[in-house]
Amino acid sequence: MKYFNVTVMEKGKKRLELLKANNKMAAVNLAKQKFPATMVMKAVETSAPLEDSISELFSGLKKSMKSKIPINDKISTIRQIAVMTDAGIPINDTLAEVSENTENAQLKAIFANINADINAGNSIASAMEPYTEEFGHVALAMTNLGERTGNLSESYHKLADILENIRNNTAKFKKAIRTPLITLAAMGIAFTILIMVVVPKFKDIFDKFKTDLPIPTQILLKLEWAFSNYGILILGLLIGFIFTVKYLYNHNAEFKYRMDQMMIHPKFYLINKAVFLSTMHKYNLVFGELVKSGIPVSEALETAVGMVDNAAIKEKLLTVNANIGRGMNLAEAFRITGLYENMLLQMIKAGEAGGQLDAMLDKVTNYYDMEFQDLIDNLSTYIEPIMMFFIAGLVLLMALGIFMPMWDLGKAVK
């Protein structure tokens, strides 16, 4: 939402009204509704009032501090609902049992509320809709499917399988990058300790030199001076920068889009490929499973794109449903996004023509999964050159910074 200073005229006098709207036209229309006896002259976008900015900041921080429900807990409760409903236990008894037995406080409250709504006469899907953010769009879609087909247990078994697949890939990626990150962090800490402990011992010797010090030595001395005098400030600024970037990424749509666009840029070695493959695998997995379960293609596309976290990729995938609505076939709509290889487009086209779209989507999903698994399995091989270059750079800087002046001193003695 944006803020607008709207100029209105009433009885020959102008005045400004501050209104909140999505765009300029919406602000003008809102002014006409709120002040029907006035004439709207113009609307100019302005910054948010200080009190509103502070309020939004604190509400955003409060929201970001709210813990997310662990995916393992969600999978466990969904699988439990599937098993109990498959055994013929009524849904209200099932939800009451799940709410009572789950250890997660958020899930306990959510399922208790859903059960209360169902007992009040609402459908399962409408009762779950307020918790779409907690469970995801795919959970709501599979709930709708289960209600329409009368087979909620099968839908929830499939939902648990989808979530397990996503969880396993996410866990595998985190495990693969954990070792390189720990190594880099250890090297950074070791280098900082060397700067703080070793360099000061040579500092007095370097100060006695009457000649200009080599550039590596000057770098070490300046780093030692900065860490000694402003170490706490530098650490605070670094932590503040990380939290600021995280906050803006979660609460500023434009900033998130720019960051997501940067993450899939070809210049970002490995990161772009990992983000792209994991996103496309998740999207095609959800889309394929929904189509296979009998959900219409347009609805499946809308649900699948809701699972996409990267805003830049999501923007392209959002055009697919719109183009299909204009009469375009699925393969052509996917081709326009520029996200699919020609081989995959041919497979989707063949699946549409032969009435085997779900089978072809399985093959597309398997292709992205295979590519992603290959990237994860060989991640250490890809990262090793970067790690070696980084470590060699730190060691070389330290060695040259310490020993080059010593060599010059030795020459002077001779």
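Reader: Which residue in E2 is the bridge partner of Tyr3?
Author: Lys20 of E2 is the bridge partner of Tyr3. Helices (H or I, at least four residues) and strands (E, at least two) are DSSP runs, numbered from the N terminus. This is a predicted model, where local features need pLDDT of at least 70, side-chain atom pairs count only at pLDDT 80 or more, and totals for chains, interfaces and linings use all residues. Residues are numbered from 1 along each chain as its sequence is written, and side-chain values use heavy atoms, with hydrogens and water left out.

Reader: And what is the bridge partner of Val8 in E2?
Author: Val8 has Arg15 of E2 as its bridge partner. Strand E1 (residues 2-10) pairs with E2 in the antiparallel sense, over nine bridges; two strands pair if DSSP finds at least two bridges between them.

Reader: How many residues sit between the strands in that E1 and E2 hairpin?
Author: Two residues lie between E1 and E2 in the hairpin, and Lys11 takes a positive phi near 55 degrees there.

Reader: How many bridges join E1 to E3?
Author: Seven, with E1 and E3 running antiparallel. Thr7, for one, has Lys42 of E3 as its bridge partner.

Reader: What's the strand order in the sheet?
Author: The order is E2-E1-E3, an open sheet of three strands with antiparallel pairing. Strand E2 (13-21) and strand E3 (39-46) are the edges, each pairing on one side only. On average, neighbouring strands of this sheet are turned by 25 degrees against each other, direction ignored.

Reader: Which helix lies across those strands?
Author: Helix H1 (residues 24-34) lies across E1, E2 and E3, and runs at about 120 degrees to E2. Axes are lines fitted to C-alpha atoms, for helices over the stretch in contact, and angles run from 0 to 180 degrees between N-to-C directions.

Reader: Switching to confidence: where is it lowest, and where highest?
Author: Helix H2 (residues 50-65) is lowest, at a mean of 54, and H15 is highest, at 90. The chain averages a pLDDT (the predictor's confidence in each residue, from 0 to 100) of 82, with 92% of the residues at 70 or above. Where pLDDT is low, the predicted coordinates should not be read in detail.

Reader: OK, H15 then. At what angle does H15 pack on H16?
Author: Helix H15 (residues 330-337) packs on helix H16 (residues 342-354) at about 160 degrees, with their axes 8 Å apart. That makes H15 roughly antiparallel to H16. Angles under 35 degrees count as roughly parallel, over 145 as roughly antiparallel, 65 to 115 as roughly perpendicular and the rest as oblique.

Reader: Which residues make the contact?
Author: From H15, Leu330, Ala331, Phe334 and Arg335; from H16, Leu345, Ile348, Lys349 and Glu352. Contact means heavy atoms within 4.5 Å.

Reader: And how about H14 and H15, at what angle do they pack?
Author: H14 and H15 pack at about 150 degrees, with their axes 9 Å apart. Lys316, Thr319, Val320, Asn323 and Ile324 of H14 meet Leu330, Ala333, Phe334, Ile336 and Thr337 of H15.

Reader: What about H11 and H14, how far apart are their axes?
Author: The axes of helix H11 (residues 253-263) and helix H14 (residues 311-325) are 7 Å apart, at an angle of about 95 degrees. H11 and H14 are therefore roughly perpendicular to each other. Lys256, Tyr257, Asp260 and Gln261 of H11 meet Ala311, Ala312 and Glu315 of H14.
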